[in-house]
Each structure stands twice: as C-alpha cells, then as structure tokens.
Amino acid sequence: MGFKIGLLGLGTVGAGTAEILLSPDGRHPLLQELEIYRVGVRDISRPRSLQLPENVLTSDLEAIATDPEVDIVVELIGGLEPARSLILQAIASGKHVVTANKAVISRYGEEIFEAANAKGVYIMLEAAVGGGIPVIQTLKQSLGANRIQTVIGIVNGTTNYILTRMQTEGADFAEVLADAQQLGYAEADPAADVDGLDAADKIAILASLAFGGRIKLADVYCEGIRQVTASDIDYADKLGFVIKLLAIAQKNCQTTEENGDKENELISIRVHPTCVSKTHPLASVNGVYNAILVEGEPIGQLMLYGRGAGAGPTASAVVSDIMNIAAILKTETVPIPHPLLSCNHQHYCQIAKMEELVTRFYARFLTRDTPGVIGKLGTCFGNHKVSLQSVVQTGIHGDLVEIVVVSHDVKEGNFQQAIAEIRAMESIHSIASILRVL
Ligand SMILES: NC(=O)C1=CN([C@@H]2O[C@H](COP(=O)(O)OP(=O)(O)OC[C@H]3O[C@@H](n4cnc5c(N)ncnc54)[C@H](OP(=O)(O)O)[C@@H]3O)[C@@H](O)[C@H]2O)C=CC1
Ligand SMILES: N[C@@H](CC=O)C(=O)O
Ligand code: NA
C-alpha cells in the first residue's frame with residue numbers, strides 16, 4: 001500500500017469516504033494505493049454499518065493526527081474544536097490535511113494556511129463548499145485565467161431542500177427540517193443551516209478564492225430563512241419569482257473614498273433569502289442540489305450544478321482531494337507547494353458597506369384600510385429616491401389590507417431609510433417581510 005489515511009470522523013461524510021476507499025474497483029487506479037490506516041470517532045462502541053479492518057477504530061484522535069505512519073489526515077468531525085486543534089496538530093506533524101469543515105476554514109483559515117505553508121503541507125477543502133460539486137478546484141485552477149466579477153451560489157442543501165418543499169408541497173418548515181436531518185444534509189446544529197451561517201462560511205471561502213484575498217467572516221452580511229413564510233412564497237410565485245437562499249460575492253465598481261484607486265476595489269458579500277425570477281438559471285435548482293454561478297472575464301457566465309450535501313457526493317469531493325495529494329506525493333520526492341493547490345493570500349479584501357449595495361426589493365405591508373395609504377407609501381419611497389416597479393393590493397385580512405411592492409434597483413441605505421419612516425406611519429400596522437430581488 002502506498003499512502004496511509006488517518007480518518008477523523010465516521011459519520012455521514014466519514015462513512016461515505018470510507019466506503020469509496022474500501023471499494024476501489026472501477027475507480028481511478030490511484031485509489032488502490034490508499035489505505036485506511038486509522039479512524040477516529042467519539043464512541044467506538046456505536047454499531048457501524050461499515051466493515052472496517054481490525055484495530056482501525058479508536059477514540060484517540062490526537063494519536064491519529066500525530067502518528068508518524070499517517071501521510072494524510074482527513075478531518076470529518078465538523079465543528080470548531082477539537083477540529084481546529086487536530087488540523088493544527090496534523091500540520092505540525094508534517095501531515096497533509098483534507099477537510100470538509102467550512103466553519104473552521106472560514107474562521108481559522110489564516111492560522112491554518114500559514115502553519116501549512118510554513119510546514120510545506122497541503123490543506124484541501126473541496127468538500128467544504130458545494131459538497132460534490134468541484135467548485136474549489138474550478139476556482140483555484142480551471143478559472144485561473146479569468147478576472148472574476150461575481151459568484152452567486154445556492155450553497156446550502158438543507159435550506160434549499162426546505163424552501164423547495166415549502167414551495168412545491170406547501171410543507172411545514174419544522175417537518176421538512178427534520179427530513180433534511182434524517183437524510184444527513186443538516187449540520188450537527190441545524191441553526192447553522194437555517195440562519196444562513198453555513199452559507200456565509202461557504203461564500204467567504206469562495207470569495208477568497210475568486211478575488212484572491214482573505215475575507216473576515218464578520219464582514220459577510222447574513223440573513224437566514226426563518227422569516228420566509230408560505231404567504232411570501234405564494235406572492236413571489238404570483239409575481240414570477242421563487243425564493244432562494246443566495247450567497248453572493250461581487251466585485252464592486254465603486255472605489256474606496258481615500259484614494260479612488262482601482263486597486264482598492266470593494267467586494268460586496270452577503271447571504272439572504274432572495275426573490276429569483278423563474279427564468280433565471282438558479283431558479284430551477286431544487287431540493288438538496290446546489291449551484292454556483294460564476295461570472296468572469298473572459299469566460300462570461302458559468303454555472304456548476306450538483307448535490308451539495310449527503311454522504312456519497314460529499315465523499316466524492318473528499319476522496320478527490322486525497323487523490324490530488326497522493327498524486328503529488330507519488331511524483332515529487334520533496335513536495336514543494338504546488339502553486340495551483342496551495343493558498344498564499346497575504347491581504348484582506350476590502351468589503352463594501354451594505355448601505356451602498358444597489359439591488360431591487362420586495363416588501364409586504366399590512367396597512368389600515370384608510371384612504372390614501374398607497375399614496376403615502378409611494379410618496380415616502382419617492383422622497384428617498386426609491387423608484388417602484390409595482391404596487392399591488394393583494395388581500396384583506398379583517399380590517400387590514402395587504403400591499404406588496406417591488407422596487408427598481410435602489411441603494412440599500414435609501415430603501416432602509418424609507419422603511420424606517422414607513423414603519424412609524426399611523427396607517428401602517430406592520431411590515432410582514434422584506435426580501436431582496438436578484
Ligand atoms: N453531511 C453533509 O452532507 C456534509 C457535511 N459536510 C461537513 O463534513 C463534516 C462532517 O459532517 P457529518 O459527516 O455530517 O457529521 P456527523 O455528525 O455525521 O459525523 C461526525 C463524526 O465525527 C465524530 N466526532 C464528532 N466530534 C468528535 C469528537 N469531539 N471526538 C471524536 N469524534 C468526534 C463522530 O463520532 P461518532 O460516530 O462516534 O459520533 C462522527 O463519526 C462537517 O464539517 C460538515 O460541515 C460538508 C458537506 C456536506
Ligand atoms: N449542512 C450543509 C451540508 C453541506 O455543507 C448543507 O445543508 O448544505
Ligand atoms: Na465541492
């Protein structure tokens with residue numbers, strides 16, 4: 001056997017990875033050279049569906065990360081600790097690392113990559129974004145000739161699964177979330193999915209690769225899908241939209257105020273539920289499927305589509321990373337950092353303020369049925385330079401009237417100022433929802 005794998009975690013993704021490694025027939029011949037040497041879990045007495053070689057299973061994960069026999073450590077336990085410490089221990093012990101852990105990479109990427117570069121080892125993370133979709137290698141290698149302008153992704157399988165079933169079956173949020181957990185799509189704490197945090201981790205990683213600088217996670221604006229109601233899905237449908245949780249990173253034409261220098265282009269980076277026109281390619285990405293739409297020069301638009309979560313698809317990405325490292329170890333006696341596989345970002349991207357974002361909005365108001373209420377809304381929006389594309393009175397609930405507006409492209413800051421004023425109006429009962437429109 002050629003290369004010894006120390007697997008940390010044998011849950012959904014760990015078991016999927018072991019399954020591929022244990023059945024190499026019909027796959028790339030390099031797989032024959034990969035040996036599952038040790039597998040670390042929390043509870044070794046738990047019954048496992050997988051038949052592993054004897055004495056492979058242990059609950060001493062640190063021993064795996066530092067074992068001199070292990071060539072590649074594969075971290076699939078998830079969460080921040082002990083995952084971060086184990087990755088750092090593996091690096092310090094001269095091991096290459098494969099991980100599916102976007103939470104650790106988006107928060108501790110700088111520490112991890114600096115340690116890895118100093119030690120001359122690789123950190124591979126294809127499974128961390130888009131599950132089985134080869135988006136990391138695409139951005140790192142295949143699109144390297146491009147100036148990337150935009151990355152827009154449906155990058156969380158759990159929320160896309162929930163929104164799709166709410167849309168197609170009118171299903172209940174809690175029931176669909178339980179199904180996503182059962183299917184192994186959701187994070188250990190599904191709040192990370194539902195509140196958009198998992199998508200924020202992922203777009204931070206994608207933006208960093210697309211724009212060639214580090215991203216501070218705190219700079220990613222983030223809204224989840226808890227507030228999306230069946231009514232909004234229904235109204236959006238009538239207006240020709242579907243609602244998707246989008247993760248968006250865009251290079252802004254705007255330049256920094258200090259010097260107006262083109263070098264200091266700002267990046268707009270955000271996660272929020274979004275009304276997407278039914279004719280847009282991302283609108284038909286349903287269920288656990290993910291898609292990442294990239295716009296670059298000279299490639300134009302490119303969309304990658306596939307399963308973003310689940311044992312098999314995610315393990316496909318993990319094993320491809322292991323194989324990339326094994327291929328390097330096989331061909332180079334002294335591994336040197338491969339410029340297309342390693343990460344050497346030195347600076348942080350500058351992030352545009354949300355108020356500066358230019359976008360369209362959808363808003364649903366419950367108003368008292370008093371004369372002139374639509375006029376008051378229109379006047380207030382107009383005073384703040386918010387131009388409306390449509391204003392529709394959509395229904396009556398007792399003595400309240402429901403009004404839905406869709407704006408043209410406006411500055412987020414202007415729209416929010418108008419909303420603050422409208423909220424205080426006597427004739428406004430409540431603002432039921434506000435969504436951005438792609
Ligand atoms: N599930 C998915 O579809 C996807 C997951 N990912 C990422 O992959 C990673 C793994 O996710 P997933 O497979 O779903 O997670 P699971 O919860 O299914 O599995 C976690 C595994 O790690 C072990 N483990 C967890 N904590 C510890 C600990 N402190 N000490 C020892 N062992 C521990 C568990 O042991 P035991 O079995 O004994 O409980 C289990 O085997 C995460 O980073 C996740 O974000 C990425 C893409 C898709
Ligand atoms: N919980 C995540 C799993 C993959 O990263 C998702 O639902 O997409
Ligand atoms: Na991927």
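**View 1. Asp193 at ligand 2: an N or O atom of the Asp193 side chain lies 2.7 Å from a nitrogen atom of the ligand.** The model is a predicted one, in which local features need pLDDT of at least 70 and side-chain atom pairs count only at pLDDT 80 or more, whereas totals for chains, interfaces and linings use all residues; side-chain values rest on heavy atoms, with hydrogens and water left out. Residues are numbered from 1 along each chain as its sequence is written, while chains are lettered from A and ligands numbered from 1 in the order in which they are written. Polar contacts here are pairs of N or O atoms within 3.5 Å; within protein, one atom must be able to donate a hydrogen and the other to accept it, and residues adjacent in sequence count only if both atoms are side-chain atoms. Oxygen atoms of ligand 2 are also approached by polar side-chain atoms of Lys102, at 2.6 Å, and of Lys202, at 2.7 Å. On its own, ligand 2 has 250 Å² of accessible area, of which the protein covers 93% (Shrake-Rupley method, 1.4 Å probe; for residues, only the protein chains shown count as cover). Two or more residues of the shell come from each of α6 and α9 (197-211), where helices (H or I, at least four residues) and strands (E, at least two) are DSSP runs numbered from the N terminus. The shell holds 13 residues, and Lys102, Gly157, Thr158, Asp193 and Lys202 come nearest, a residue being counted when one of its heavy atoms lies within 4 Å.

View 2. Oxygen atoms of ligand 1 lie 3.1 Å from a backbone N or O atom of Gly11, 3.0 Å from a polar backbone atom of Thr12 and 2.7 Å from a polar backbone atom of Gly310. The protein covers 84% of the 900 Å² of accessible area that ligand 1 has on its own.

**View 3. The sodium ion (ligand 3) and its protein donors.** Glu126 contributes both an O and an OE atom, and Val129, Gly131 and Ile133 each contribute O, with donor distances of 2.3 to 2.6 Å. Donors are N, O and S atoms within 2.8 Å of the metal (3.2 Å for Na, K and Ca), and water is not among the atoms, so sites may look incomplete. Along the chain, the donors of this ion follow the spacing E-x2-V-x1-G-x1-I.

**View 4. Helix α1, a mostly covered element.** Of the eleven residues of α1, eight are buried, namely Val13, Gly14, Ala15, Gly16, Thr17, Ala18, Ile20 and Leu21. These buried residues pack against β1 (3-8), β2 and α11, contact meaning heavy atoms within 4.5 Å.

**View 5. Arg165 in its salt bridges to Glu169 and Asp179.** A salt bridge is a side-chain nitrogen of Lys or Arg within 4 Å of a carboxyl oxygen of Asp or Glu. The closest N and O atoms of Arg165 and Glu169 are 3.1 Å apart, and both residues lie in helix α6 (residues 157-169), four residues apart, about one turn of the helix. An α-helix has 3.6 residues a turn, so residues three or four places apart point the same way. The bridge from Asp179 to Arg165 spans 2.6 Å, N to O, and links distant parts of the chain, with Asp179 in helix α7 (residues 173-182) and Arg165 in helix α6, 14 residues apart. Arg165 is buried, at 14% relative accessible area, whereas Asp179 is partly exposed, at 28%. Elsewhere, salt bridges that share partners join Lys102, Glu187, Asp198 and Lys202 into one network.

**View 6. Glu33 and Lys330, a salt bridge between distant parts of the chain.** The structure holds 21 salt bridges; in the one shown, the closest N and O atoms are 3.0 Å apart. Glu33 sits in the loop between α1 (12-22) and β2 (34-40), and Lys330 in helix α11 (residues 311-331), 297 residues apart. Glu33 is partly exposed, with a relative accessible area of 23%, and Lys330 is likewise partly exposed, at 49%.

**View 7. Arg214, in the loop between α9 and β8 (221-222).** The Arg214 side chain reaches the backbone oxygen of His345 at 2.8 Å, and Arg214 counts as buried at 13% relative accessibility. Leaving aside residues up to four places away in sequence, Arg214 touches Glu110, Glu114, Ser208, His345, Gln346, His347, Tyr348 and Cys349.

Definitions and conventions
Buried means under 20% relative accessible area, exposed over 50%, partly exposed in between (1.4 Å probe, protein chains only).
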